[in-house]
Amino acid sequence: MTVLAALTAALSSGAVEVIDLTAPLDEQTPIISLPPERGQPWPFAREVISNFDDAGPTVYWNNIRLSEHTGTHFDAPAHWLSGKGGHDVSQVPPDRLVGPAVVLDLTGEVERDPDFLLRREHVEAWTAEHGPLPANGWLLYRTGWDARGGDPENFLNDRHTPGVAPECARWLAEETPLAGIGVETVGTDAGLAGDFADQPYPCHWFLHGAGKYGLTQLRNLALLPPTGAVLMTGPLPIVGGSGSPTRVLALVERTATEST
Ligand code: MN
């Protein structure tokens, strides 16, 4: 049996499950809020083209309007000054969009401190238990923040949202084989990261400077094992785009003990 035949058989039997890590996209989907003097991303909006009416008696469809960074989305290197001249979202090689995922669960720390910053020691404690960070893989940073997804004010939390400390972001970007980092919050950086004295927006700066990627507003990370899942994402190939709304799926192998 080929690898892909074994995979489709496992999908059919339920031995491999597909988990949707994407937040639903609608007019209430939270967007990042920047200081008022800055440009602002558009929230999701739609306008009916036709809905089985005079404009299209047999057709229902909509026009939509949103930013490249609205809802669950993919950040490409071209998004940041440090990655200027790097790949835009249409240029990201497709084999970078499928890879192993590992989940680091810092939910307890974030419950105690919504401004919690992941540090290298947390990642090294995880790798001591679970093994090295995977090549071409995704570090999925679980914080429990997805539980706030239905309440935009609570989700944005007046910019008090968790992130990654600058030295950890630099290390992950420059010294690990990861493809990128995925988070449950509105952006890969902490809500207050624009004020970091040593390196503002360190995830954006270091990841994109190293040609790596970000994924945001993920859900259902609690359904993934610490290691062993495969992540797949499909940002739109917007030519020249800095990122794109994207679907994020994970393949998870159910162990014998779980299925009994
Ligand atoms: Mn973004």
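A salt bridge here is a side-chain nitrogen of Lys or Arg within 4 Å of a carboxyl oxygen of Asp or Glu. The structure holds 13 of them. This is a predicted model, in which local features need pLDDT of at least 70 and side-chain atom pairs count only at pLDDT 80 or more, while totals for chains, interfaces and linings use all residues. Residues are numbered from 1 along each chain as its sequence is written, and side-chain values use heavy atoms, with hydrogens and water left out.

Start with strand β1. Helices (H or I, at least four residues) and strands (E, at least two) are DSSP runs, numbered from the N terminus. β1 spans residues 16–20 and contains E17. E17 forms a salt bridge with R254, and their closest N and O atoms are 2.5 Å apart. This pair links distant parts of the chain. R254 sits in the loop between β13 (248–253) and α7 (256–259), 237 residues from E17.

E17 is partly exposed because its relative accessibility is 32%. R254 has 25%, so R254 is partly exposed too.

D20 also belongs to β1. The side chain of D20 meets that of R247 in a salt bridge, 2.7 Å from N to O. This pair, too, joins distant parts of the chain. R247 lies in the loop between β12 (243–245) and β13, and 227 residues separate the partners. R247 has a relative accessible area of 52%, so R247 is exposed. D20, at 25%, is partly exposed.

Now turn to helix α3, residues 120–130. Its buried residues are H122, V123 and W126. Why do they lie on the same side of α3? They cover an arc of only 95 degrees around the axis, and therefore share that side. The arc is taken from the directions from the helix axis to the C-beta atoms. These buried residues pack against β5 (98–105), β6 (117–118), β7 (138–142) and α5 (166–175). Contact means heavy atoms within 4.5 Å. Just after α3, G131 takes a positive phi of about 105 degrees.

Charged side chains form a further group. Side chains of opposite charge can pair when their charged atoms come close. R120, E124, E167, R170, E174 and E175 are linked in a network of salt bridges. One of its pairs is E175 with R170, whose closest N and O atoms are 2.9 Å apart. E175 counts as partly exposed because its relative accessibility is 47%.

Conventions. Buried < 20%, exposed > 50% of the residue type's maximum accessible area, 1.4 Å probe, protein only.
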